[in-house]
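This report describes selected features of one protein model. Please examine the sequence and the structure below before reading on.

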Amino acid sequence: MSAVSRRAYVLNLGVVPYEEAWELQRAVAEAVSQGTLPDTVLLLQHPPTVTLGRRAEPEELHIPTDAEVDVVETDGGGKSTFHGPGQLVCYPIVDLTQHGQDVKRYCRDLEEALVQTLSPFGLKGERIEGLTGVWLTSPPRKIASIGIHITRWVTTHGYALNVDLDPAPFTEWITACGLEDTMFTTMARELGRPIAVDDVRPAALQALADVFDLGFDELTADDPRLPRRLTRVG
């Protein structure tokens with residue numbers, strides 16, 4: 001591990017509606033861009049939500065009419081994906097002018113952080129050439145998705161790690177990430193036991209600290225240093 005070069009904030013949140021978390025991301029990103037906040041990471045969960053990234057196609061959606069799920073168009077990269085409780089969502093809002101100013105490297109760094117998050121649990125995350133996210137092999141099965149957006153070198157969106165949830169919506173409700181016949185899995189399924197998102201947060205935060213050379217100070221949702229307060233955190 002290299003020496004810590006920058007301090008950063010982390011918000012450990014509960015279940016936050018997607019659009020509210022998105023508004024918080026945009027407000028924090030503006031503050032990071034202006035230098036009034038350091039790099040800030042949001043760790044949270046979403047209620048059942050299908051997100052449509054900039055490259056999503058209408059034919060990717062085949063959601064049952066009785067499904068209780070929000071559908072949200074986003075400015076994140078990628079296609080469609082599913083979020084739900086039991087999934088650790090990580091939104092690193094970082095100034096890439098301080099982290100190499102290289103978009104491909106940033107995506108690889110997020111993948112590396114996921115690999116390092118899985119490792120303490122005895123799971124070997126891998127990359128697959130030409131595909132984003134992190135996988136377990138073999139056979140290939142996707143355990144984490146990545147989608148990012150960058151404005152003025154400040155990042156929003158991030159990754160979603162399947163901790164303990166039913167992966168069926170990834171294949172039954174959408175063509176997740178635009179990939180046909182892809183298997184999706186969860187940490188719980190691979191470990192053969194239940195596991196809580198809160199059990200994974202410390203490893204996720206340590207991995208981000210190691211990969212991005214950050215030292216974290218925790219903020220709460222009502223901290224006055226935040227440019228926008230959250231009103232609904234489950």
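## Strand 6 and its partners

Strand 2 (residues 40-45) and strand 6 run antiparallel and are joined by five bridges. Strands here are DSSP runs of type E with at least two residues, helices are runs of type H or I with at least four, and both are numbered from the N terminus. Two strands count as paired if DSSP finds at least two bridges between them. Strand 6 is also joined to strand 9, by four bridges, and these two run antiparallel. Cysteine 90 stands opposite leucine 43 on one side of this account and opposite tyrosine 159 in strand 9.

The model is a predicted one, in which local features need pLDDT of at least 70 and side-chain atom pairs count only at pLDDT 80 or more, while totals for chains, interfaces and linings use all residues. Residues are numbered from 1 along each chain as its sequence is written, and side-chain values use heavy atoms, with hydrogens and water left out.

## Burial of strand 6

Strand 6 (residues 87-93) is largely enclosed by the rest of the structure, because seven of its seven residues are buried. Buried means under 20% relative accessible area, exposed means over 50%, and partly exposed lies in between (1.4 Å probe, protein chains only). In a regular strand the side chains alternate between the two faces of the sheet. Gln87, Val89, Tyr91 and Ile93 point one way from strand 6, whereas Leu88, Cys90 and Pro92 point the other way.

## The nonpolar cores

A nonpolar core is a set of buried Ala, Val, Leu, Ile, Met, Phe, Trp, Tyr and Cys residues joined through side-chain atoms within 4.5 Å. The largest one has 41 residues, and Leu88, Ile143, Tyr159, Leu161, Met187 and Phe216 have the most contacts inside it. Helix 5 (residues 197-212) gives the most to this core, with ten residues. Another core, of 23 residues, lies apart from it and includes Tyr9 and Leu44.

Contact means heavy atoms within 4.5 Å. Beyond its neighbours within four places in sequence, tyrosine 159 is in contact with residues including Leu88, Cys90, Leu110 and Ala204.

## Threonine 155

Threonine 155 lies in strand 9 (residues 154-162) and is buried, with a relative accessible area of 0%. A polar atom of its side chain lies 2.7 Å from the backbone oxygen of proline 92. The side chain of threonine 155 also makes a polar contact with the side chain of tyrosine 106 (3.5 Å). Such a contact is a pair of N or O atoms within 3.5 Å; within protein, one must be able to donate a hydrogen and the other to accept it, and residues adjacent in sequence count only if both atoms are side-chain atoms.
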